[in-house]
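Open the model in your viewer and keep the selection panel at hand. This tour goes from the whole chain to a single pair of side chains.

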Amino acid sequence: MTLDLSKAVHYHTGQFPPAGLNYEAILQPMLEATDALARYDQMLQAMHNSEIFLAPLRGQEAVVSSRMEGTISTMDEILQLEAEFGDDDDDGAVREFRSDVLETALYRRAMTTAQRQLEQGHPLSEALIRGMHQQLLSFGRGARKSPGRYKQEQNYVGEKGSRAVSFVPVSPEQLPGGMEALFSLIEDKAMPILMRTALAHAEFEALHPFEDGNGRVGRMLITLMLWRGGAISAPHFYISRYFEDHKDDYIGGLRNVSSTGDWLNWCGFFFTAVAEQARENLEVAQDIRDCYEDMKSRFADLLASKYSVAALDYLFTRPIFSNSRFTRDAGIPAQTAGRFTRALLAEGMLETVREASGRRSAIYRFEPLMEKVRV
């Protein structure tokens, strides 16, 4: 199929990093974003275990970021996949779940793996980015798109099914130099971390270094940069919801960087996105925390056990779960875990997703939390 390049914007060769940016023009939105992010992070640090409250946000990010690329799944689907298979049986998951669900679950897995590697002392590097990409595209349609390897042929950006190209990324021959310049900026500690992140995200998307999966990897890079740069104390800031809600402005801002060299408006948009998403994430996290505190007293009354908090923590990190994994992994004696399940079902706090059948364990859903985190 012959491509139509007549209206395409081409990569801004030789214009990164941008020279002579007027920092004063975007100082105020950058300060507002910094302040909103700091308030969000203060709440995270005040939590006794932020992972419990924010694991659902990672699921939201996976669903929304993947949806921006046309991969449609729900929180219920990806959590059911993880309840059924976890990291143990990818082939079984491939047989049973839609490819869109697999791809979204792999987003969560790739982000978790990158977080673990950075915590172990690995640098935020090209090797880490390629590893994220390899995991992201390890199953489903992406497995045919050179996972973990940079593009070998020119790629193009445009509407699916259309011959019209809207953007032509950097050529494969220029990519090594482009990636080197990108990571030099990422490591430039003299530049404020929010500015670095704004510029790096736009540049990564313009380079489009992989055959597929660039948007998702680029949005994961935002969280990892803010975390490693000290803007947040844990990698729990997710921005795709704002980008999806303002998709035309998001894509237009990225295009204008290459078409007119308008880095300032892109940075202003990015800082607004960070500020607004930080406020929204703060509200969601507070709502989840309030739900946790309410359930804590209800679990104590209903279960009357020293293991009631362990059960609650398990359900908040895995709101859809298999009964066998609950009895095995929650740190609760199996007989006690079984009693908890029966009591929570009778009280209506758990709903049955799938009845036990043969060797397959029953799967349950903790609906009080799921009601708050579906997107």
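Predicted model: local features only at pLDDT ≥ 70, side-chain atom pairs only at ≥ 80, totals over all residues.

Residues are numbered from 1 along each chain as its sequence is written, and side-chain values use heavy atoms, with hydrogens and water left out.

**Select the domains.** Colour 19-25 + 50-267 as domain 1 and 304-371 as domain 2. These bounds come from an automatic or database domain assignment. The centres of the two domains, taken over C-alpha atoms, lie 33 Å apart.

**Select the interface.** Here 15 residues of domain 1 contact 15 residues of domain 2; contact means heavy atoms within 4.5 Å. About 1,200 Å² is buried between the domains, 57% of it on carbon and sulfur atoms. Buried area is the accessible area (1.4 Å probe) that two parts lose on being put together, summed over both.

**Select the salt bridge.** Show the side chains of Asp 76 and Arg 365: they form a salt bridge (4.0 Å, N to O). The term means a side-chain nitrogen of Lys or Arg within 4 Å of a carboxyl oxygen of Asp or Glu. Between domain 1 and domain 2 the count is three salt bridges.

**Select the helices.** On the domain 1 side, helix H2 (50-67) and helix H3 (75-85) each give two or more residues. Helices are DSSP runs (H or I, at least four residues), numbered from the N terminus. H3 gives the most, with eight residues.
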